[in-house]
Amino acid sequence: MAGRMVVGSAALAALVRPASAPDPAGGHRVLPVAPELTGLLPHRGLRRGSTVAVATGQPRRSGGTSLVLALLAEASRAGSWCAVVGVPTFGAGAAAEAGIALDRLALVPHPGPDWPTVVAALIDGVDVVVTAVPHAVATPVADRLAARARQRGCVLVPYGRWAGADVTLQVVRGVWTGLGPGRGRLRRREVTVSARGRGAAARPKEITMWLPGDGSTRIIPRVASTGPSAPTAGHRSGGLTVVGP
């Protein structure tokens, strides 16, 4: 089943609960993420009411869309509704391959000039809202949307530059694998993802992981070790636990 393409205010209203309705999350305040990403988030998941931005980088190494897919997959598998706003290239096929449940995915590829209204309406009724950030988004508008997400228990995931996010994730390096001498195809990408933020996320972190993932993660200290040998799995270096191979 394809993700639901949302066009028009009537279709949008059918997806969301009234703004006065209580947060249905109850005690489930943290939505799960892939094990590879838990070390980057202060609550080891997507805390309801938080803003987790995915910054875009240079096109040749951005990997932002793949990171968004990885961020949504576990929450979607666990039953959460997700929405993606303003990303017309976001494909339902790629989402399905990442493990996102298409019957709980709403796509609004072209929100138009009413972008803040569309995002606010989805925040009222969807667990995780990913939205491309317009170039000229005003700070008061961004602050109101973040405040609405906190009130409604939604995880807001701005895709682009967003001042004041609780955590900002970004792919800073990436290497593709799969090509051989004159043959093969790109199969997966080893990427380094950085996290920076405020409060519990104030200490910057980096991990190296595969997209698509294979359960293999290496956490990279910000300061390279100067000792005689590299840390082994399960040991600590620079205050971060190194896991995986």
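**Close-up views of a predicted model**

**View 1. The salt bridge between R48 and D127.** The side chains of R48 and D127 meet in a salt bridge, with 2.9 Å from N to O; the term salt bridge stands for a side-chain nitrogen of Lys or Arg within 4 Å of a carboxyl oxygen of Asp or Glu. This pair links distant parts of the chain, since R48 sits in the loop between β3 and β4 (52-54) and D127 in the loop between α5 (115-123) and β7 (128-132), 79 residues apart. Helices (H or I, at least four residues) and strands (E, at least two) are DSSP runs, numbered from the N terminus. Both R48 and D127 are buried, where buried means under 20% relative accessible area, exposed means over 50% and partly exposed lies in between (1.4 Å probe, protein chains only). The model is predicted, and local features need pLDDT of at least 70, side-chain atom pairs count only at pLDDT 80 or more, and totals for chains, interfaces and linings use all residues. Residues are numbered from 1 along each chain as its sequence is written, and side-chain values use heavy atoms, with hydrogens and water left out.

**View 2. Salt bridges around D124 and R152.** A search of the whole structure finds 5 salt bridges, and one of the pairs that meet in this way is D124 with R152, at 3.6 Å from N to O. Here too the pair links distant parts of the chain, with D124 in the loop between α5 and β7 and R152 in helix α6 (residues 139-152), 28 residues apart. D124 is buried, as is R152, and a network of salt bridges links D124, R148 and R152.

**View 3. The salt bridge between D166 and R198.** The side chains of D166 and R198 meet in a salt bridge of 3.5 Å, N to O. D166 belongs to the loop between β8 (155-159) and β9 (167-180), whereas R198 belongs to the loop between β10 (183-197) and β11 (205-211), and the two are 32 residues apart. D166 is buried, with a relative accessible area of 18%, while R198, at 46% relative accessibility, counts as partly exposed.

**View 4. Helix α6 and its buried face.** Helix α6 has 14 residues and reaches 20 Å from its first C-alpha to its last, close to the 20 Å expected at 1.5 Å a residue, the expected span being 1.5 Å times one less than the number of residues. The buried residues of α6 are V141, A142, L145, A146, A149 and R152. Seen down the axis of α6, these buried residues fall within an arc of 135 degrees, so they line one face of the helix; the arc is that of the directions from the helix axis to the C-beta atoms. On the other side of α6, T139, R144 and Q151 are exposed. What covers the buried residues of α6 includes α5 and β8, and just after the helix G153 takes a positive phi of about 75 degrees.

**View 5. Strand β7 between its neighbours.** Strand β7 is largely enclosed by the rest of the structure, because 5 of its 5 residues are buried. V128, V130 and A132 point one way from β7, V129 and T131 point the other way, and all are buried. Strand β5 (residues 82-85) and β7 run parallel and are joined by 4 bridges, and the bridge partner of C82 in β7 is V128. Strands β7 and β8 also run parallel, joined by 5 bridges, with V130 standing opposite V157 in β8. Two strands pair if DSSP finds at least two bridges between them.

**View 6. The largest nonpolar core.** A nonpolar core is a set of buried Ala, Val, Leu, Ile, Met, Phe, Trp, Tyr and Cys residues joined through side-chain atoms within 4.5 Å. Of the 41 residues in the largest such core, L37, L71, F90, L105, L169 and V193 touch the most other members, and helix α3 (residues 64-77) gives the most to this core, with 8 residues. Apart from this core lies another, of 22 residues, among them A120, V133, C154 and L156. Leaving aside residues up to four places away in sequence, L169 touches L40, V52, A53, V54, A55, L67, L71, V193, S194 and A195, where contact means heavy atoms within 4.5 Å.
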